[in-house]
Structure formats: C-alpha cells, structure tokens
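Here is a short report for a reader new to this protein. Please look at the sequence and the model first.

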Amino acid sequence: MEFDPNAAAAHDSGLFGLNCTPEEAGVHVIPVPFEATTSYRRGTASAPAAILPASHQVELYDTEFGNPYEAGICLLPVDQKLSTWNAEACYRAEAILARHGSARDAESDKNLARVNELGHELNQHVYQATRDVLDRGALPIILGGDHSVPFGSIQACAERVPALGLLHFDAHADMRKAYCGFTWSHASILYNVLDQIDGVSRIAQVGIRDLCEEEHNLIRTSEERVHTLFDSEWAAMRRNGAELSSLIRENLATLPEHVYVTFDIDGLDPTLCPNTGTPVPGGLSWHDAMLWLSELSRSGKRVVGMDLVEVAPKQGSAAGFTAGEADGWDAIVAARLLYRMIGCALATR
Ligand SMILES: [Mn+2]
C-alpha cells in the first residue's frame, strides 16, 4: 500500500502515523525518557520525541514481515513524573560525575543515595507499566532512555514464563557493578539482571566490542549463563565467508523458548547511530541486524518483550524536530529498526 506521510500528518499523529488506541493495540510502546547515569554525553531522553515524527516516514508494508501495523501499535503517553525524576537525577548525578576520581564527601554521598533511590523508583514504574501491558495480552516495548531503563520490564517478563532468555545487542557488555557508584547505571544493566533476576536463565550477547577485564571474567565464569559472540568473532566469520545464518541459529539455540530482546542502538555500526552516547567503531551493519531479526522470527522462540535504548538525536535537534532533516538520521534509523523489531516479535507470537 502507498503510505502518504502528508495525509498521515494531517489526520494522525500517532507512532508510524497510526491512529490506534491502547484498547485496540496489540503492541504497546512505553516511552521512558530517563538518562540519569549517562556518563559521556547525553541526549537519549529526547529519543521518543524524535522517533515519533521520524516514524511517520516508515513504510507500513515490510518486505520481510508483511503488515505489522495490522496488530495495532500505540505509543503510550510519557508519564510526567518521569521528566521530574530525570531532571532531579541528572542534576544530582552530574555533581557526582564532575567529581569523578576525587574523594567523596557527605554532599556527594547524599546525591548518590538519591540518584540510586530515583533509579529504584523508575524500575518499579517500568515494572508496573510492563505488567499492565502483559495483563492485556499485548507486547510491551520499552523505548529509552538509556540502558538502565528496561530492568523493570525484564523483571516483569521473567515472572510470566518458566525461563526467560535475553538476546542482547550492544557494543558494551554492560556488566559493570555499580559504575561510578550508581547501582542502576546504564553500564550495569546486565550485571543487575544476572544478580537479581533469577528467571533470566540465559543471555546471548551480540556486537560486543568494548568491555573491562572484570566484565570479561564475569562472562567466562558465568557457567554458560552468558554466551557472548564478540564483534571481532562476527567480523572474522564474515571475512572468511562463513554461513552467517547458521552462526546466528547456533547462538539463538543457546536461549530458552521465551526471549526478551534488549537492543542498545550502539550495537550497530556508529554510522547508523552517530549521536549515541558512547559510540564504538565496528558493530553490526544494518543488514547484519536484519538477518538476526529474520532468523529470530523463524527460530521457534517466542518474543515476550523488547526494548530499544541509547538512541540519541543530534543535540539541540529534538525540539521542533521534523523527520527528513539531515539531523534526524539517528531517529530515522531507530524508527525503522523499531518497526522491524515489532514485525519480528509479532511473527513469533
Ligand atoms: Mn552500549
């Protein structure tokens, strides 16, 4: 079908130009614009606001997955308390990050305790929001924000199935314990999942190319709970002309039947996400990522939840952003990736 973005803009302002209520939608996208612990450069809190207009340019017919929009896709409104929490947590976290390496005092201890408390509140909020979507029988998708935000969603999904597998796309292992003292750091999400969510039985990591020795040791000693396909291994396989589809199938086979996909956009080649907070050279090409989603859709697994995090529109371009601007590249890629992820998940359900 021909999709007329002008007509859509005139009549619908919803995600992908759809006019779909939560009651009608089989897919609920939950925006979580929170980025308190982002350590290098900020911007991910603007992602939902930038991805919405960019999504109006996405062709609704998908050559791989057909017409995912027919299931009904809605973007839930941003809960206003998240903006309040984010503003306070960012302010207090910056005071700590600015003193990185210097001795702590009572003031920074107080700030740290409050940032950790707000992170806990956020987890509870995301947990409950995900439960509400699962109770409707719909697919929950968290749209960050930084990579700290989906913890509560993974927890809620893990409670609903006998064993949950995590398919984790990222440049980073995200297994640092309390990075800079922040319990709920964006660099610690996988550490926290391993430590606190027993229902997550296996994790398959893809795109990983930046990690510290402590994280590497954690992977090695995880007794197969974590299976990491390093980006260097992927690149070598591709160079050697290996059958990439079977490599993907081998990796997916390590996961149980029920799968949650956590997708940090920086797992992709940084030319696809130039403004993300902590870009790293290398990474998956667009077609690599599409091949992973395609194989996942045919793997016999069931996708129970997803997130897309660390998308950052170019600084200063979020307000008044319109899709099609040269500045909008990060959001355009994210909107298309989001639609493909939705198509993939629906194909497994
Ligand atoms: Mn990352």
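Three bridges link β1 to β2, and the two strands run parallel. Strands pair here if DSSP finds at least two bridges between them. Strands (E, at least two residues) and helices (H or I, at least four) are DSSP runs, numbered from the N terminus. Val 29 has Leu 75 in β2 as its bridge partner.

Two notes on the source. Residues are numbered from 1 along each chain as its sequence is written. The model is predicted: local features need pLDDT of at least 70, side-chain atom pairs count only at pLDDT 80 or more, and totals for chains, interfaces and linings use all residues.

**The whole protein**

The protein has eleven helices and eight strands. Its C-alpha atoms fill a box of roughly 60 × 45 × 40 Å along the principal axes.

Of the 349 residues, 50% count as buried. Buried means 20 or more other C-beta atoms within 10 Å of the residue's own; exposed means 12 or fewer, and partly exposed lies in between, with C-beta atoms placed from the backbone. Among contacts between residues at least 6 apart in sequence, 78% join residues at least 24 apart. A contact needs C-beta atoms, placed from the backbone, within 7 Å.

**The sheet**

Eight strands form an open sheet in the order β2-β1-β3-β8-β7-β4-β5-β6, with parallel pairing. β2 (73–75) and β6 (226–230) stand at the edges with a single partner strand each, so one side of each is left without a neighbour in the sheet. Neighbouring strands are turned by 15 degrees against each other on average, direction ignored.

Six of the six residues of β1 (residues 27–32) are buried, so this strand is largely enclosed by the rest of the structure. Val 27, Val 29 and Pro 31 point one way from β1, while His 28, Ile 30 and Val 32 point the other way. In a regular strand the side chains alternate between the two faces of the sheet. β1 also pairs with β3 (residues 139–144) in the parallel sense, over six bridges. Val 32 has Gly 144 in β3 as its bridge partner.

β4 (residues 164–169) and β5 (residues 200–208) run parallel, joined by six bridges. Phe 169 stands opposite Val 206 in β5, and His 168 has Gln 205 as its bridge partner there. β5 and β6 pair in the parallel sense over five bridges. Gln 205 stands opposite Thr 228 in β6. Seven of the nine residues of β5 are buried, so β5 is largely enclosed by the rest of the structure.

**Helices and crossovers**

Right-handed means that, with the strands pointing away from the viewer, the path from the first strand over the helix to the second runs clockwise.

| Strands | Helix | Hand |
|---|---|---|
| β1 and β2 | α2 (residues 47–55) | right-handed |
| β4 and β5 | α6 (residues 189–196) | right-handed |
| β5 and β6 | α7 (residues 213–220) | right-handed |

Helix α8 (residues 231–239) lies across β5 and β6, at about 50 degrees to β6. Axes are lines fitted to C-alpha atoms, for helices over the stretch in contact, and angles run from 0 to 180 degrees between N-to-C directions.

Of the 19 residues of α11, 17 are buried, so α11 is largely enclosed by the rest of the structure.

Methods. Two residues are in contact if their C-beta atoms, placed from the backbone, lie within 7 Å.
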